[in-house]
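Student: I would like a close look at one part, the aromatic rings. Then please take me on to contacts and charges.

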Amino acid sequence: MLDRTGPLLAVKDLQAWYGESHILHGVSFDVREGEVVTLLGRNGAGKTTTMKSIMGIVGQRAGSVRFEGQELIGKQSNQIARAGIALCPEERGIFASLSVEENLTLPPVVRPGGLTIDQIFELFPNLKERLGSSQGTKLSGGEQQMLAIGRILRTGARLLLLDEPTEGLAPVIIQQIGKTIRALKQQGFTILLVEQNFRFASTVADRYYVMEHGRVIDQFANAELDANIDKLHEYLGV
Amino acid sequence: MITIFGIPSAALFGQLLIGLINGSFYALLSLGLAVIFGMLNIINFAHGAQYMLGAVAAFLLLQWTGIGYWPALVVAPLVVGAFGIVIERTLLQWLYKLDHLYGLLLTFGLALIIEGLGRNYLGSAGLPYTLPDSLRGGQNLGFMFLPNYRAWVIVASAVICFGTWFAIERTRLGAYLRAATENPTLVRAFGINVPVMITLTYGFGVALAAFAGVMAAPIYNVSPQMGSELIIVVFAVVVIGGMGSILGAILTGFGLGIIEGLTKVFYPEASNTVIFVIMAIVLLVRPAGLFGRRA
Ligand SMILES: Nc1ncnc2c1ncn2[C@@H]1O[C@H](COP(=O)(O)OP(=O)(O)OP(=O)(O)O)[C@@H](O)[C@H]1O
Ligand SMILES: [Mg+2]
């Protein structure tokens, strides 16, 4: 049953393990349609693991992940992708044995309504110039990040999981990615973002969840950011 | 009599032809091994036995049902490929996360079982497979006589090798395969059913071996040990070419077949060992193989 009144993504008591190590100890949060929600937290807090658990690519998971009211916890990652969720992984995951064009068109279209290649080039003009490049990994870090985001926009997925898209990039490129995220939000995409850099996050996010040791320990809206800044510094150890 | 470097040209071209024929089989088999290794991370030691099964299937199709060479060229790879799919689903799929060694041991065991069964039911003497009428005879090229069947084997093998290379390197399906070889988890998280792709890849690699087996049936006798004799050389070819490179497997296969043929002309004593000597040198100089990606 499609439940249009509830949040687009509802994560409840999510637990995850890598082999024997228990990493997520009951993570709960919601993402409503059209929102940009940011997960904050120190290194090792479990942000990436949360993304991977939603996508179904951790060793073992339990709890509940509902997307459009549909329970995904028992599904395989290929089925989860087909439900309309797309991941841009922390390590970007550009394929060395694929050309730039092949990388861009690799993820299959899972639903109608995705961006066209031309619309993707409007967001990332640099990619168009590098399209002929024989190896996706020959691009600069920034270009690879754009490719990693660009390729999931074609698929028609409505929920994008972006894991630290600004990590290790130059300020101009970070700005461009911020602009892109705002443009995507305007177009109706829903985005779950992981960020260490909450200055950047504050330019795009509607709400924040703070994670520590595999749990959500706090949450607030973007308007409450200033009021929470001291607490946040403490959480993030900056 | 025309001679080249003091060798009668007919002998030279004759050995070159034999070299090309052997090279055709090396290329087909090492290509299958490379495709399987890339996707499954398994060194398929049963490849020789699966090649033999292709030849045996062609032989039995003819004996039991009168189905001839041309249909067998399609039917035998399909049947043996399906057998490969059953092996992948029941046995191999449990080994992907383990060291290469487990896959190697399992497929080695399978090869021994298949060959043992073959000896039990067929005996170890070779069984002759009659050439299709359409490919009897040959062409006199002036400098040598070219049997039609051998020409067919070389052309067919080159076409299949090129087709496989094209499919993997230049098509969308091939892009999925290459990507899944690099990072299967991410490819699956894009919505592609990677486990099915892996199963079909193994089926395809096994079918390639069986196809080579059917082509070999009229040239060599059909015998249970025909695969194990060949596969040792093919593994040397794979080591020289480098695991995981499609083009490398094809070029090295044909190239080493030719080198072996030429050695038979110029220094016959070394013809059985030349490939292993080259392997030793390559291992010393370029351990990843001539076309290997990993250093
Ligand atoms: N593949 C793995 N196997 C075992 N443990 C892992 C694995 N990946 C991550 N971990 C552990 O899980 C915990 C959470 O890691 P995770 O990558 O989710 O953190 P994160 O919040 O994304 O950190 P960062 O900000 O550094 O990206 C860490 O303690 C990490 O060491
Ligand atoms: Mg992370």
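Tutor: Start with four rings. B:Tyr69, B:Trp70, B:Tyr149 and B:Trp152 are joined into a cluster by ring pairs. Rings of Phe, Tyr and Trp (its six-membered ring) pair if their centres lie within 6.5 Å; planes under 30 degrees apart are stacked, over 60 edge-to-face, the rest tilted. This is a predicted model: local features need pLDDT of at least 70, side-chain atom pairs count only at pLDDT 80 or more, totals for chains, interfaces and linings use all residues, and side-chain values use heavy atoms, without hydrogens or water. Residues are numbered from 1 along each chain as its sequence is written, while chains are lettered from A and ligands numbered from 1 in the order in which they are written.

B:Trp152 is in contact (heavy atoms within 4.5 Å) with B:Leu73. B:Leu73 sits in helix H3 of chain B, residues 69-90. Helices (H or I, at least four residues) and strands (E, at least two) are DSSP runs, numbered from the N terminus. Is B:Leu73 buried or exposed? B:Leu73 counts as buried, because its relative accessibility is 9%. Buried means under 20% relative accessible area, exposed over 50%, partly exposed in between (1.4 Å probe, protein chains only). Now compare sequence with space. B:Leu73 and B:Gly38 stand 35 residues apart in sequence, and their C-alpha atoms are 26 Å apart.

Back to the rings. With a relative accessible area of 37%, B:Phe108 is partly exposed. Now take B:Phe162 and B:Phe166. Their ring centres are 6.2 Å apart and their planes meet at 40°, so this pair is tilted. Both residues belong to helix H5 of chain B, residues 148-170. They are four residues apart, about one turn of the helix. B:Phe166 is partly exposed, at a relative accessible area of 40%.

Next, the place where the chains meet. Chain A has 24 residues in contact with 17 residues of chain B. Together the two chains bury about 1,700 Å², with 58% of it on carbon and sulfur atoms. Three residues stand out: A:Asn78, A:Phe95 and A:Leu106 give 31% of the area that chain A buries against chain B, more than any other three residues. Buried area is the accessible area (1.4 Å probe) that two parts lose on being put together, summed over both.

Charges come next. A salt bridge is a side-chain nitrogen of Lys or Arg within 4 Å of a carboxyl oxygen of Asp or Glu. Chain A and chain B share one salt bridge. B:Arg178 and A:Glu102 form a salt bridge, with the closest N and O atoms 2.8 Å apart.

Over all chains the count is 11 salt bridges. Among them is A:Glu68 with A:Arg111, at 2.7 Å from N to O. This pair also links distant parts of its chain, 43 residues apart. A:Glu68 is in the loop between strand E4 (60-67) and strand E5 (70-71) of chain A, and A:Arg111 in the loop between H3 and helix H4 (117-123) of chain A. A:Glu68 is buried at 9%, but A:Arg111 is partly exposed at 22%.

A:Glu35 and A:Arg32 also meet in a salt bridge, at 3.5 Å from N to O. Here A:Glu35 is buried, with a relative accessible area of 8%, while A:Arg32 is partly exposed at 46%.

One more pair: the side chains of A:Glu71 and A:Arg66 form a salt bridge of 3.4 Å, N to O. A:Glu71 counts as partly exposed at 28%. A:Arg66 counts as partly exposed at 36%.

Definitions and conventions: Lists of a residue's contacts leave out its neighbours within four places in sequence.
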